[in-house]
Amino acid sequence: MQLSRKSFLILPLLYVAVAPAPAAAQTAAEAMFTVNNTWMLVATLLVFMMHLGFAFLEVGLTQSKNTVNILFKNTSIIAIGLLTYAIVGFNLMYPGEFSIGGFFGFAGFGIESDLAGVTNPALASSEYNEGYTYWTDFLFQAMFAATAATIVSGAVAERIKLASFLVFATLYVGLVYPLVGSWTWGGGWLDEMGFHDFAGSTLVHSVGGWAALAGVFLLGPRLGKYVNGRIHPIPGHSLPLAAAGMFLLWFGWFGFNGGSVLSADPGLVSFVLVTTCIAASAGIIGAMLTTWTVHKHPDASMVFNGALAGLVGITAGADAVSVMSAAIIGAVAGVIVVFSVMLFDRIKMDDPVGAISVHLTCGIWGTLAVGIFSPDYSFGTQLIGVLAYGAFAATSAFLIFSVIKVTIGLRVSEEDERRGLDLSEHNMEAYPDYQIMITR
Amino acid sequence: MKLVIAYIQPAAFHNVKQALTDVGVGRMSVANAQGVGQQGGYTESYRGSELEIVLRKKVRLEIAVNDDFVERTREAIIKGARTGNFGDGVIFVVELAECYRIRTGESGSPAVG
């Protein structure tokens with residue numbers, strides 16, 4: 001039945017009226033489509049909330065003299081993510097057809113422009129989104145894209161030039177993220193090999209993590225962090241904000257993993273949310289036991305990282321492993337993340353928020369864990385995927401950062417770093433009313 | 001006995017502390033302060049307008065010393081804090097009439113340390 005534009009707008013009102021069936025009989029398929037689409041939009045909203053989580057986490061774990069800069073970067077990233085995804089990312093990640101053997105395909109610049117892009121909501125507009133509308137598909141995936149760049153912003157915080165970061169984020173999220181994403185979720189060569197990354201341990205978290213690693217390496221540590229062979233911690237200025245950030249990220253993960261089911265299938269969505277939460281909890285316990293033993297006192301920021309480590313770890317296989325396995329994966333991630341944070345400090349790779357440890361180290365672990373704990377997927381294939389993404393993401397991030405470094409420069413001057421990026425880059429303060437501790 | 005009061009740039013504190021330690025001055029009181037001298041204030045921007053900032057952030061050190069320590073304390077602070085730019089700070093040396101250690105009840109020079 002051909003739906004005209006006007007009747008399409010009236011349909012939602014008809015759905016809402018619980019009373020007798022409307023004149024146009026509602027098929028079961030159309031009802032299911034609406035249910036699926038609604039859940040996917042809720043999931044989109046939840047993933048969006050993760051940006052607030054990242055913002056709080058980063059602000060909390062860095063110095064107050066750089067807070068404006070962090071907030072500015074996080075606000076810009078969501079904009080850059082959504083817009084580049086609309087202009088080029090979406091069609092690069094989901095090309096439909098590949099022009100270079102499963103490696104590269106591009107369905108053209110821009111997305112559909114108006115409602116006429118989806119005339120019949122009961123039908124799929126492509127094989128990518130069979131249960132929901134083209135618009136839902138775009139927006140849900142766009143929210144994922146932006147999170148990949150946010151991961152980088154925490155690791156390079158407190159010393160990267162604002163403009164340099166924004167240029168990097170635009171290129172990396174605009175081009176690299178969707179290109180490598182197409183290899184799996186777009187139906188490319190890794191998908192054909194049987195590589196499995198349910199919600200993005202590799203595609204989102206390790207892709208962000210590799211870029212964070214490249215950035216940290218090329219930037220160098222913050223001033224005063226590593227002096228005379230000793231590590232001088234630079235504490236974050238607000239653990240309450242960091243905690244709020246962690247909880248908001250977990251909150252958003254309900255959509256990150258729950259929505260990656262790509263339908264409202266009650267069994268699968270509820271199962272995935274259980275494995276997700278179990279892994280997060282196990283991550284906290286794993287990190288707690290590790291930090292309590294190794295550091296004599298349990299470090300709160302480590303258990304925050306532990307929760308996120310568990311979440312990243314389960315993200316590759318939340319749909320494919322048992323609940324018991326999810327607990328193990330999460331616990332191991334919680335242990336790994338603590339040691340990873342300590343290791344990076346000891347090799348003088350300064351990561352203020354532990355982004356590399358949470359997203360790269362545990363992203364790799366989570367991806368490989370699918371091969372270990374799921375009978376349906378092979379460890380070898382998972383390893384190939386990890387290496388392929390690592391090679392491409394690390395190399396491209398390193399290249400982009402290097403070009404930026406030799407052209408406009410990557411790092412702020414020493415004086416600007418001491419004054420704080422809020423004053424040097426933004427000429428404003430985050431806490432003008434507060435008496436903040438300024439000796440270090 | 002003298003009380004050496006110094007106002008320095010926050011960024012200089014680390015070096016000043018190190019320099020003081022090097023000459024054997026390890027006891028001090030440190031506080032955040034705001035102040036302005038020859039350096040003057042500066043402007044920030046906020047929502048399209050300029051914001052005059054008249055006071056700059058400073059760190060105040062208060063160090064009680066015996067008379068024979070005044071010179072090395074002063075030299076150490078200068079060594080740690082001098083950059084040659086406006087805003088390096090200022091040192092006041094005032095007479096300290098009495099000094100008591102709370103824990104032991106000592107007074108006078110021994111209490112200063």
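These exercises work through a predicted model with chains A and B.

Residues are numbered from 1 along each chain as its sequence is written, and chains are lettered from A in the order in which they are written. Because the model is predicted, local features need pLDDT of at least 70 and side-chain atom pairs count only at pLDDT 80 or more, while totals for chains, interfaces and linings use all residues.

**Exercise 1. Find the strand order of the open sheet in chain B, and say which strands stand at the edges.**

Solution. 
- Start with the terms. Strands (E, at least two residues) and helices (H or I, at least four) are DSSP runs, numbered from the N terminus. Two strands pair if DSSP finds at least two bridges between them.
- Read the order. The four strands of chain B run β2-β5-β1-β6, with antiparallel pairing.
- Look at the ends. β2 (29–35) and β6 (89–95) of chain B each have a single partner strand, so one side of each lacks a neighbour in the sheet.
- From one strand to the next, it averages 25 degrees.
- Check one pair. β2(B) and β5(B) (residues 56–65) are joined over seven bridges in the antiparallel sense. Within this sheet, Gln34(B) is opposite Lys57(B) in β5(B).
- Place the helix. α2(B) (residues 70–81) packs on the sheet and touches β1 (2–8), β5 and β6 of chain B. Contact means C-beta atoms, placed from the backbone, within 7 Å. The direction of α2(B) makes about 5 degrees with that of β1(B). Axes are lines fitted to C-alpha atoms, for helices over the stretch in contact, and angles run from 0 to 180 degrees between N-to-C directions.

**Exercise 2. Describe the hairpin formed by β3(B) and β4(B).**

Solution. 
- Find a facing pair. Tyr42(B) stands opposite Ile53(B) in β4(B).
- Inspect the turn. Two residues lie between the strands, and Arg47(B) in the turn has a positive phi of about 50 degrees.
- A residue is buried if 20 or more other C-beta atoms, placed from the backbone, lie within 10 Å of its own, exposed if 12 or fewer, and partly exposed in between. Of the five residues of β4(B) (49–53), the count of buried ones is zero.

**Exercise 3. Locate Thr62(A) and explain why it counts as buried.**

Solution. 
- Locate it. Thr62(A) is in the loop between α2 (28–60) and α3 (67–93) of chain A.
- Count neighbours. Thr62(A) counts as buried because it has 26 C-beta neighbours inside 10 Å.
- List contacts. Leaving out residues up to four places away in sequence, Thr62(A) touches Ile70(A), Ala157(A), Glu158(A), Gly236(A) and Pro352(A).

Methods:
Contact = placed C-beta atoms within 7 Å.
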